[in-house]
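Here is a short report on one protein model. Look at the sequence and the structure, then read on.

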Amino acid sequence: MTAFRPSPQILENVHALLAQTATVIVVDDGSGPGFESIFADIAAAGADVVALPVNSGIGAALNAGVHQARKNSDITHVLTVDQDSTLPPGYVESLLAAETGARAKGVVPGLIGPARIHGNPVLSGGTLNGVLLGKEPIQSGLLVSVEALNTLGDFRAELFIDLVDTEFYLRALDAGFPTVLADAEFDHSLGTFVEARIFGLPVPRPGGRLKVRIAASWRYYYIFRNRILVSRVYAARHPAWVAAGWWADLRHLAVVTALAPGRRARLASVLTGLTDGLRGRTGKKPGA
């Protein structure tokens, strides 16, 4: 589990993992002063805490946790989880069962994810030998086999955040490890919803005022910078994915620019991200 300046809610999520896994490792991604008591409570609950000295991004935090987990030579899988994800009882068992079922039908998955998140179905990649495949999964709640890790190596820490999971999925796909979907789901935050406004006025609709989902303004820097960086690597092998990704990002940007507050800061982040992406800049945003 990766964590950055977590709320006390993280302890409940850690307990949910301790009930389902052999070991829980929480990586403190440079949270800084003021969070010592929360991480102390996590350690007291029975989880291992790995502290990074500075905020290094989701890729680096995932790598630190995976490396710590793999010190145990007996492990067969690693589950990656965000701090705000609550995994219900039986979740891990369902993912392992899906892998076993897939292997029985001749499909060797590297990644196993849930078929639903917060009640919503995830993108399906069709079926293979009767096994339900998934398109790019989010990394929270994702089960990765050690077999796949041996082939794929680390997450791309230089991306810092956003598209880290997407790049790993594409790398797994190219290595012959499809994503299999399990009959499982969990709750996970997918952004913040704000009231839509046009010329300062709310947008009415049946059932209440229209709301749109946005990310923090600074996230748009990484979304668009990393879209360029990842597209450059995979465009030749996955042109449809590149086109669909750009379409989704640009469509979202158009919607939030038209309807959500914070347009100036958001567009400034996008412009800086595009510029740095074209320059090939990686890592944490300069000055952040």
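Which residues of S2 are buried on one side, and which on the other? Ile25, Val27 and Asp29 are buried on one side of S2. Val26 and Asp28 are buried on the other, and both faces are covered. Buried here means under 20% relative accessible area, exposed means over 50%, and partly exposed lies in between, with a 1.4 Å probe and protein chains only. Of the 5 residues in S2, 5 are buried.

This is a predicted model, in which local features need pLDDT of at least 70 and side-chain atom pairs count only at pLDDT 80 or more, while totals for chains, interfaces and linings use all residues. Residues are numbered from 1 along each chain as its sequence is written, and side-chain values use heavy atoms, with hydrogens and water left out.

**The sheet**

S1, S2 and S3 form an open sheet of 3 strands in that order, with parallel pairing.

Helices (H or I, at least four residues) and strands (E, at least two) are DSSP runs, numbered from the N terminus. Two strands pair if DSSP finds at least two bridges between them. S1 and S2 run parallel and are joined by 2 bridges. Thr2 has Val27 in S2 as its bridge partner. Ala3 stands opposite Asp28 in S2.

Contact means heavy atoms within 4.5 Å.

| Residue | Helix | Relative accessibility | Contacts |
|---|---|---|---|
| Phe39 | H2 (36–45) | 9% | Ala3, Pro6, Val26, Asp28, Ser31, Val49 |
| Asn63 | H3 | 8% | Asp154, Phe155, Ala157 |
| Asp276 | H9 (263–279) | 5% | Tyr221, Arg225, Arg281, Pro286 |

Phe39 touches Val26 and Asp28, among others. Both of these belong to the covered strand S2. Phe39 and Phe224 are 185 residues apart along the chain, and their C-alpha atoms are separated by 33 Å.

**The second largest pocket**

A pocket is found on a 1 Å grid over the protein atoms alone: it is an open set of points with protein on both sides within 12 Å along at least five of seven lines, and lining residues have an atom within 4 Å of a point. The second largest pocket has a volume of about 600 Å³. Volume is the space filled by probe spheres set on the points, which are joined across faces, edges and corners.

How many residues line the second largest pocket? The lining has 29 residues, and Thr23, Ala69, His77, Val78 and Leu79 lie nearest the centre. Strand S2 (25–29), helix H3 (58–69), strand S4 (77–80) and helix H4 (91–104) each give two or more residues to this lining. H3 gives the largest share, 6 residues.

The lining divides into 17 nonpolar, 10 polar and 2 charged residues. Ala, Val, Leu, Ile, Met, Phe, Trp, Tyr, Cys and Pro count as nonpolar, Asp, Glu, Lys and Arg as charged, and the others, Gly among them, as polar.

Definitions and conventions:
On a 1 Å grid over the protein atoms alone, a cavity is a set of points where a 1.4 Å probe fits but cannot get out, and a pocket is an open set with protein on both sides within 12 Å along at least five of seven lines; lining residues have an atom within 4 Å of a point.
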